[in-house]
Every structure is written in structure tokens, then in C-alpha cells.
Amino acid sequence: MVLCQGGEGDAAPAADGQEPEVPPGREDGPGAVQPCLCPVPGVEAAGAEERRACGCCSGMSWPCCCEAPGAKKKAACPGLGLFYTILSAFLFSVASLFLKKIEDVHSVEVSAFRCVFQMAFVLPGLIYYKTGFLGPKGKRVFLFFRGFLGSTAMVLLYYAYQVMPLADATVITFTSPVFTSLLAWIFLKEKYSLWDLLFTLFAITGVILIARPPFLFGSHVTGIEGSYTDHLKGTIAAIASTLSAASTIVILRKVGKSVHYFLSIWYYAVIGLIGCVIALFVLNEWRLPHCGRDRVFLILIGLLGLGGQIFLTKALQIEKAGPVSIMKTMDVVFAFILQVLFLNHLPTWWTVGGALCVVASSSGTAIRKWRHSVRKAKQREI
């Protein structure tokens, strides 16, 4: 009898500036194979039943295991990963809606509450997987910047949601895959083709149509929620959030599989919470919401954000990253619907045109990466 350890699945990060944060733990599907007891050839334990646990039979007796000769393998539910992606997009969109509904609470304070939820979720995983709290010495600098940039992206995105239309901020965050390709070319020397340049130009065009700077569209800009100054501040914050999120993904690629995913999330939550608390004292903005409704919204934002990350990670465990990235554009659709139904703000044709440019750009980038990975997989098989 020998103990054979299955590998852990690696979940790819998300496009709205915020990454999936859930353990690759014990779930069905590829990338989540559990430790299993396998009989050594020629050696049998007398009077003991040989058992084998695998990801698809969840601990059935080894002779009846799905991998036993002649046994039928359990078929995966087709489209389940894409359904998880849509559900994740819906939860993220509803959390953004609640953020818009909160009154008199600074975005940094909302981010601090979110970090507390993250820490409470990750801490048991760190203890269970025995990863420690600091990580390998050679990787701590990367983990620090991953935590700093990731939490910065969250704060800036929440601020953008508060001061500009929900759909506009959501659309801008979808430029993240395009900027990730550009930063990976600069820092990781990854290939950057003419198609990538074209998608980058499409994304920039979409952002310009949403921001509508006066030097291009005149001094009287219509269809803006609130003042144009707040709209411009929100646009800059959303772009900065997207660049921070793209930088985080590049750092995660650099670190690779040498650091456990839970440890990466831990740095994100701890550094984010410390930074938010310092910023709140500097800005003198630390205060609990006076309204009970706002307190409920804060809790729901944390729970919905966590649920969205869980379902996104489950989707990436059982479905290829390309289709998941494309299906995640449903974030934009949900943002438009929720904005019209609950915020009574109709998007302008400029916003719709910008959304189409950004979605086309991010989808094109995802399709290219997907086809490239499929082609490399086929070459390895040959």
C-alpha cells in the first residue's frame, strides 16, 4: 500500500480587477484530485479492504471506483462551468449595486470590511494546509506587492462605483486582460502580436467613449451621472484599478506555483486591511454607518463578493479559462440591467458603443489566449 498525492488545481485570476479567492480544495472536476490509497502491485493487505478515493467517486471502495477496469466514469454536467461563471457575474454585479446604494460610507471603509471577510475565510485554510503566514523568503517581496496592488485595485474600483455610473465603471474594468498582455510583454517578455496591439487600441477607444473628455466631445457632455468632475475622477480611478489588477496578475504569473494560493490571498487581505485602516485615520473617515440598512449592505457586499469568487474559481476548475473569460462579460450585461432597474439611469449611446469596444477587445484577447493554449496542448500530445 502506498500513498499517492494528487495535484491541486490552479485557478486563473479575474478581469474586473478583483481575483478568485477560494481553495482549490476537495471538489469534483479536474484539478481537484484528492489523496488516494492505491494498492501496490503484488502486495495485498490481508483481511483489509482496499479503498481508493478520487475526485469523481468521493471515496468509493476501490474495486467499485470509477477508474476500475470496466467501470463507467461519471459524466461531468455539460455547461456547469459556464453556469457558475454567470452566477459569479450576477453576484459581483449585485454587490456593486449595494455599494452604489450605501450612503455616507467611504470606499476605503467598505474595502476594509471586505478585507476582514477575506481574512476570516482564508485563516482556516492556512492552518489546514500548513502554509505558514509569511511564505518563502525569496517570494515575500512579490507577495507584498501582490497584496498592495490587489488591495489598491479594490479600493479604487469601489471609489469608481460610488462616483460614476455602475455600467461605465464595470466596462472599464474589462480592459484588464488587454493591459495584462501589455504588461506581460514588458516585464515577462511574453509575446505581444499585432492582434494584441489592435485589441489594446479597441479597449482605449472604449474607455474614451465612456469618459468623453471635453477636448474631444465639447464642453457640454450629456448623460453624466452627477458632475463631470466626479465622472472624470471615477474614470481615472477605474483605469488605475484596472492597471493595478493587471499588475497583480503579472506578479502571480512570476511567482507561479511556488506559493500556495491561500498565502497569496492572505497577503492581499492583511496588507489591504492595514492600508485601509491607515488611510481612514489620515482621511478621518472611520465611522460605522448610522443607518441599519447600510450595515446590512456592508455585510452583503462581503458575502456576495466571497460567493462570486467561490463560483468563479469552481468554474475555472471544471472549464477552460477562455470560455470562462468570454462568459464573464455577462458582468457588463448585468450592470446595465441593474443600473436601469434600480438606479433609474439610462446608459447613453456613447456608453453602449464604449462597452461594445471593450467587450470585443477583452473577448478577442481571451479567444486568442485560449486558441494558443489549445494549440500548445495538441503539440505536446504529438
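Leaving aside residues up to four places away in sequence, which residues does E319 touch? In this predicted model, the answer is G81, L82 and V324. E319 itself sits in a loop, with α10 (292–318) on one side and α11 (321–327) on the other. As for how much of E319 is on show, its relative accessibility comes to 24%, so the residue counts as partly exposed.

Next comes the inside of the protein. The largest nonpolar core has 37 residues, and the members that touch the most others are V110, Y158, Y161, V171 and I301. Helix α1 (residues 80–101) supplies the largest share of this core, namely six residues.

What about the cysteines? Searching the whole structure turns up zero disulfides. Take C115: the closest cysteine sulfur to its own belongs to C276 and lies 4.9 Å away, which is too far for a bond, because a disulfide needs the two sulfur atoms within 2.5 Å. C115 has a relative accessibility of 1%, so it counts as buried. C357 comes out at 15% relative accessibility, and therefore C357 counts as buried too, since the cut-off for buried is under 20%.

Notes: Residues are numbered from 1 along each chain as its sequence is written. This is a predicted model: local features need pLDDT of at least 70, side-chain atom pairs count only at pLDDT 80 or more; totals for chains, interfaces and linings use all residues. Side-chain values use heavy atoms; hydrogens and water are left out. A nonpolar core is a set of buried Ala, Val, Leu, Ile, Met, Phe, Trp, Tyr and Cys residues joined through side-chain atoms within 4.5 Å. Buried means under 20% relative accessible area, exposed over 50%, partly exposed in between (1.4 Å probe, protein chains only). Helices (H or I, at least four residues) and strands (E, at least two) are DSSP runs, numbered from the N terminus. Contact means heavy atoms within 4.5 Å.
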